[in-house]
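Dear colleague,

I am handing over the structure below, and after it you will find an account of what was found. Please look through the sequence and the model first, and then read on.

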Amino acid sequence: MSVVVTVGCQWGDEGKGKIIDFICSEADVVTRHQGGNNAGHTIQVDGKQFIFHIVPSGMLKENTLNIIGNGVVIDPFILIEELDDLQSKGIQITPSRLNISGQAHLIMPYHRLLDGLEEERRGGKGLGTTKRGIGPAYMDKVARYGVRMFDLCDETQLRKRLETVLPLKNSIIENVYGGKPLDLEETFQSLRTCAERLVPFVTDTTDVIANALAQGKKILCEGAQGTLLDIDYGTYPFLTSSNTTAGGVCTGCSIPPMKITNVLGIAKAYTTRVGEGPFPTELYDEEAQRIRTAGPVGEFGATTGRPRRCGWLDLPLLRYAIRVSGISGIGLTRLDILSAVPEIKVCVAYQLRGETRKVFPANVNLLGECEPVYETLPSWKEDISAITRFEDLPATAQSYVHFIEESLQIPIMLISVGPARQQTIVRKNVF
Ligand code: GDP
Ligand code: IMO
Ligand code: MG
């Protein structure tokens, strides 16, 4: 038995989908345990592109069982669209391949509406959310106003929940935001239509996971977002509403902590962020644009299409990510993009109030005062996107990888040099 957890090390979009698709050939079960359709995990296979939002990225591998855990917030309308899209691309969607936790909470139509209204209310001072209703759905989960997949599957229960919750939501929509209230009957009927499609997949996934563990299956837990977007450890309040770090696996898909055998951190060879919030190594103008537009796929959001902010690799940030998730190895992605820069800078520490800090501060209110300390390393000009063996990389690219490993005292197990499955260099086995 082995349980490998993947965690985004930075602010999301590290290339988790690409790496998960690569390593899931060895997995029997692939799970999602947090987030919702704010995630966009891109996978390229045989020239075809797939973007996974709620469904685990293991769906492309025929022999895996995919589980949407209780910690995920599910927009049933979007999930159905995603299933239809996958089916139209020839992916088999059956309950033997996909299980959805009945304990998972729904993103309801009013959550989506409220997310948009709240961003609008804040004007230019919003969080820059994906407006998918993620925050409002997790708010209701914690406030105990949530509606769960088990409720969706039970007509009487669904009506009862809506009768309790919708009047309150409508009052907020109308009186706080001046929005248009939702009709209970219409909302109920549209959700019932979703239920017809989704019921066969809904089950007690605690049972499925326990059986898989008992049978010694290999489980791959697919993290969404990234460490600095974690509700507890991230750049509060500019973050998402779930635990994106390794602990989220235990509460989000009933994996007991002692069963985790490896935590693989996925990190870009530089840093990006989409949405608002602090970003110490951010680059601007041409320098950012050079990174943003290099390579076959530029730095534009897979979910919202927004341009991503780009900056240098930040080692204090990675040390923090390693610390809070117990990361045991790294998958380094988009190394090929650095062929486009004349020289590479790496932030090795922060200067804060006369002191040198090696680790990102938990008190993010201090970030504005943190001055990155950079080391400059030579880059390479060669196109490295067809290289599949570490020793074939240009010496300067190998040095860059060694520099990161030595600085972080952690192995770089995989290196990705392009979006496609085969553009991957394996240095150490993950399972
Ligand atoms: P995720 O959310 O962490 O799964 O990442 P996204 O899919 O949102 O964004 C990563 C983007 O980089 C996608 O367009 C991937 O296809 C692409 N990608 C992944 N790995 C590599 C790589 O090594 N090189 C290049 N050029 N693109 C990559
Ligand atoms: P993947 O899994 C990058 C960001 C949003 C916003 C903040 C809050 O593809 O890496 P939310 O809608 O979650 O309330 O938005 O979090 N964000 C992401 N950024 N990748 C993601 O997912 C993200 N999911 C949310 O841009 O700044
Ligand atoms: Mg993404």
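Ligand 1 sits in the second largest pocket, where a pocket is an open set of points on a 1 Å grid over the protein atoms alone, with protein on both sides within 12 Å along at least five of seven lines, and a molecule sits in a pocket if more than half of its atoms lie within 2 Å of its grid points. The elements that give two or more residues to the shell around ligand 1 are α1 (16-23) and β3 (41-45), helices (H or I, at least four residues) and strands (E, at least two) being DSSP runs numbered from the N terminus. The largest share, 3 residues, comes from α1.

Before going further, please note that this is a predicted model, in which local features need pLDDT of at least 70 and side-chain atom pairs count only at pLDDT 80 or more, while totals for chains, interfaces and linings use all residues. Residues are numbered from 1 along each chain as its sequence is written, chains are lettered from A and ligands numbered from 1 in the order in which they are written, and side-chain values use heavy atoms, with hydrogens and water left out.

In total, 20 residues surround ligand 1, and the closest are K16, T42, R334, D336 and S416; a residue is near a molecule if one of its heavy atoms lies within 4 Å of it. By class, this shell divides into 6 nonpolar, 7 polar and 7 charged residues, with Ala, Val, Leu, Ile, Met, Phe, Trp, Tyr, Cys and Pro counted as nonpolar, Asp, Glu, Lys and Arg as charged, and the others, Gly among them, as polar. Backbone N or O atoms also approach oxygen atoms of ligand 1, that of E14 at 3.0 Å, that of G40 at 2.8 Å and that of G418 at 3.0 Å. The protein covers 98% of the 580 Å² of accessible area that ligand 1 has on its own, as given by the Shrake-Rupley method with a 1.4 Å probe.

Ligand 2 sits in the largest pocket, and of the 20 residues around ligand 2, D13, K16, H41, T130 and T240 come nearest. An oxygen atom of ligand 2 lies 2.6 Å from a polar side-chain atom of K16, and side-chain N or O atoms lie 2.9 Å from a ligand 2 oxygen in the case of N38 and 2.5 Å in the case of T130. Taken alone, ligand 2 exposes 550 Å², of which the protein buries 98%. The shell around ligand 2 has 7 nonpolar, 10 polar and 3 charged residues.

Finally, there is the loop between β10 (218-222) and α9 (248-253), where P237 is found. The peptide bond from Y236 to P237 is cis, with omega near 0°. Q225 is found in the loop between β10 and α9, and its phi is near 55°, a positive value in a residue other than glycine.

With kind regards

How values were computed. Polar contact = N/O pair within 3.5 Å; in protein donor to acceptor, adjacent residues only side chain to side chain. 1 Å grid on protein atoms, 1.4 Å probe; cavity = no way out; pocket = protein on both sides within 12 Å on 5 of 7 lines; lining within 4 Å.
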